[in-house]
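Hi,

Here is the structure I promised to send over. Have a look at it first, then read my notes below.

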There are 2 protein chains.
Amino acid sequence: MSRCLRRWSVVTLWLVLAAACSRESPPVSPPTPASVTAADPLPSWNDGAAKKSLVDFVGRVTREGGPDFVTAPERIATFDNDGTLWSEKPVPFQLLFAFDRVKALAPQHPEWNTKEPFASLLKGDMAGVAGSGEKGVLAIVAATHAGMTTDEFSAAVHEWITTAKHPQTGRLFTEMVYQPMLEALAYLRANGFKTFIVSGGGVEFMRPWAERVYGIPPEQVVGSSGKLQLEMRNGTPVLVKLAALDLLDDKEGKPVGIQRQIGRRPIAAFGNSDGDLQMLQWAMAGAGARFALFVHHDDATREFAYDRTDKLQQFNQGWDEAVAKGWTVVSMKNDWKTVFPAGSDPRPQR
Amino acid sequence: MSRCLRRWSVVTLWLVLAAACSRESPPVSPPTPASVTAADPLPSWNDGAAKKSLVDFVGRVTREGGPDFVTAPERIATFDNDGTLWSEKPVPFQLLFAFDRVKALAPQHPEWNTKEPFASLLKGDMAGVAGSGEKGVLAIVAATHAGMTTDEFSAAVHEWITTAKHPQTGRLFTEMVYQPMLEALAYLRANGFKTFIVSGGGVEFMRPWAERVYGIPPEQVVGSSGKLQLEMRNGTPVLVKLAALDLLDDKEGKPVGIQRQIGRRPIAAFGNSDGDLQMLQWAMAGAGARFALFVHHDDATREFAYDRTDKLQQFNQGWDEAVAKGWTVVSMKNDWKTVFPAGSDPRPQR
């Protein structure tokens with residue numbers, strides 16, 4: 001997390017923080033209900049090359065006796081989270097959680113009223129927060145993600161994820177997951193796949209809700225993490241979250257996270273940015289049938305449109321390689337009939 | 001691994017290495033076939049308090065509507081490996097693997113003929129190896145567990161585990177797994193549990209065979225690990241095993257490894273030494289019904305007998321706490337009808 005944030009320039013931070021607080025022109029239109037037919041496991045996907053490639057791949061690896069058959073235990077599929085399973089604009093939602101946590105914790109920290117970047121954040125002065133630079137954002141992350149037990153942090157995430165609203169759409173963040181991806185997860189599981197998240201986001205931030213929202217249990221969530229330390233408190237063991245980085249599960253860190261936690265190579269991987277490129281390469285470099293999918297955010301009407309010019313979510317290398325190697329590229333605008341779930345609190349099939 | 005080995009005294013090492021090479025008095029008698037009855041999921045367990053406590057626990061947490069019911073996703077059971085699922089005498093088997101790897105790699109390392117501790121090891125002079133102390137053993141571990149890709153290491157483990165024999169029993173190491181524990185694993189899984197290994201041993205050492213032998217897939221193996229690094233070699237990504245420690249999954253490290261990889265607290269935990277105590281404490285400290293089991297190696301005839309006086313596998317704290325808190329204590333001698341599987345290559349039910 002911290003090294004990731006360090007990559008941001010101060011200019012980027014300013015743009016990002018300013019955007020995070022703008023409530024103008026919500027770009028997201030109300031979701032369209034997906035038309036479901038019994039025969040189609042992917043009703044929110046338009047017929048086209050992307051949908052066909054996924055269905056063909058699943059058909060090939062599950063056809064017993066066929067040349068591309070893969071036994072069920074080897075059917076591992078990994079999904080990036082930010083921008084692949086849910087939105088990531090104006091900033092990865094975990095950063096908004098961190099900002100809200102500062103506000104929630106402020107009564108216990110009177111010194112924050114005069115200490116930057118906390119003072120600016122508490123006054124709603126996002127330009128001031130941005131002015132504190134990387135050091136300031138790192139201080140916010142450290143203050144909100146470390147120095148508490150894993151149980152305390154999990155409770156804070158649960159409270160936030162069930163109440164906080166997106167600054168532009170006014171929806172719960174768990175309502176900004178992609179309906180077509182929920183269907184892809186369910187479709188893969190129905191075909192014997194084990195589905196994993198492999199995200200640059202914090203593992204302890206995703207686990208409290210990933211099972212309810214995505215049907216992905218905690219043990220199948222791989223993410224960035226801080227070091228943990230066991231302590232005895234009044235005879236009871238607790239795990240304390242330390243500020244030191246344990247794994248940055250992004251770029252080169254994704255295959256490392258996959259090997260560390262899953263211990264075998266995925267045969268299918270889904271991403272949307274340069275942070276996912278090494279995971280897609282890792283999946284594709286194995287023997288036998290392989291599948292890589294790259295999401296292109298080109299739908300300014302129903303979601304957000306961003307690509308080469310985007311300062312925060314870098315995209316170029318991943319996109320170029322996906323196109324050059326003929327990986328499956330999803331145009332959100334053209335390939336997805338629906339973007340967000342119709343219900344107010346999506347509960348996907350497990 | 002390395003910090004673990006560092007704890008050993010030179011005297012201990014000498015004892016250990018000497019014992020590892022002794023081929024006298026095999027203590028293991030031929031396995032007795034287990035009597036299987038359709039009604040009994042644990043046929044190799046004698047009726048008694050230990051068996052009853054496990055069956056009672058499983059009954060309580062699976063009885064829907066009962067006061068102790070636990071939903072299936074929360075039914076997480078963790079098992080230590082060395083001394084809990086398979087034997088660990090005369091030394092943890094992974095150390096024998098390391099010694100054999102030195103011999104296998106020697107042709108590529110002519111300098112080892114004159115460099116300690118390799119020179120002593122290659123001459124079969126275990127006293128000489130022990131004389132090189134902790135530094136020597138660490139050099140052996142580094143030379144055999146780092147500096148290669150994960151795929152290369154996995155292939156080396158596979159080759160060894162399917163051919164190498166125990167110095168005293170002459171059996172494959174995978175034939176020295178405990179039949180009653182194979183039954184406990186299958187029994188828990190049949191009751192909706194997800195079973196995990198949580199071992200001080202190396203995660204990359206266990207994964208190549210844990211699925212075949214225990215029915216535990218790689219993603220459910222937690223263990224000690226070295227750091228990994230992604231490299232591109234001729235356009236193909238590989239993961240290289242580095243000599244630096246990533247996680248020592250022993251003692252305080254076990255709850256850390258559990259949280260890092262599983263992300264929820266087990267409701268049942270199985271161990272046999274001080275290295276498992278914190279895992280057992282962590283499992284027992286959660287809310288609701290809990291189960292902790294501690295194996296006592298008291299069967300010199302069928303396996304090995306060791307406890308308080310043992311220099312290598314420390315036992316005292318774990319044993320004392322298990323007794324004081326009324327955890328389930330297994331006497332291998334009295335509670336197990338059979339110790340090892342009857343077949344030559346055990347393939348447990350999945």
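Before the interface, one convention: contact means heavy atoms within 4.5 Å. By that rule, the contact between the two chains takes 34 residues from chain A and 34 residues from chain B. The area buried between chain A and chain B comes to about 2,900 Å², with carbon and sulfur atoms giving 54% of it; buried area here is the accessible area (1.4 Å probe) that two parts lose on being put together, summed over both. On the chain A side, A:Glu219, A:Leu230 and A:Arg260 lose the most area to chain B, together 21% of what that side buries.

Some housekeeping. This is a predicted model, so to speak of local features we need pLDDT of at least 70, and side-chain atom pairs count only at pLDDT 80 or more, while totals for chains, interfaces and linings use all residues. Residues are numbered from 1 along each chain as its sequence is written, chains are lettered from A and ligands numbered from 1 in the order in which they are written, and side-chain values use heavy atoms, with hydrogens and water left out.

Now chain A as a whole. It has 14 helices and seven strands, where helices (H or I, at least four residues) and strands (E, at least two) are DSSP runs, numbered from the N terminus. Of the 350 residues in chain A, 60% count as buried; buried means under 20% relative accessible area, exposed over 50%, and partly exposed in between (1.4 Å probe, protein chains only). Among the chain A contacts with a separation of 6 or more, 70% come from residues 24 or more positions apart.

Next, a helix pair in chain A. The axes of H8 (150-161) and H10 (203-214) of chain A come within 8 Å and cross at roughly 55°. That makes H8(A) oblique to H10(A). Axes are lines fitted to C-alpha atoms, for helices over the stretch in contact, and angles run from 0 to 180 degrees between N-to-C directions. Angles under 35 degrees count as roughly parallel, over 145 as roughly antiparallel, 65 to 115 as roughly perpendicular and the rest as oblique. The H8(A)/H10(A) crossing is right-handed, that is, the near helix is turned clockwise from the far one by less than a right angle. H8(A) brings A:Thr150, A:Phe153, A:Ser154, A:Val157, A:Trp160 and A:Ile161, which meet A:Glu204, A:Phe205, A:Pro208, A:Trp209 and A:Arg212 of H10(A).

Chain B has a pair to look at too: the axes of H8 (150-161) and H10 (203-214) of chain B come within 8 Å and cross at roughly 55°. The crossing of H8(B) and H10(B) is right-handed.

Most residues other than glycine have a negative phi, and most peptide bonds are trans. A cis bond joins A:Glu116 and A:Pro117, with omega about 0°, and A:Pro117 sits in the loop between H4 (93-105) and H5 (118-123) of chain A. In chain B, the bond from B:Lys89 to B:Pro90 is cis, omega near 5°, and B:Pro90 is in the loop between E1 (76-79) and H4 (93-105).

As for phi, A:Asn234 has a positive value of about 50° although it is not a glycine. A:Asn234 lies in the loop between E3 (221-233) and E4 (236-247) of chain A and is exposed at 83% relative accessibility. B:Lys251 also has a positive phi of about 50°, but B:Lys251 is buried, at 17%.

Cheers
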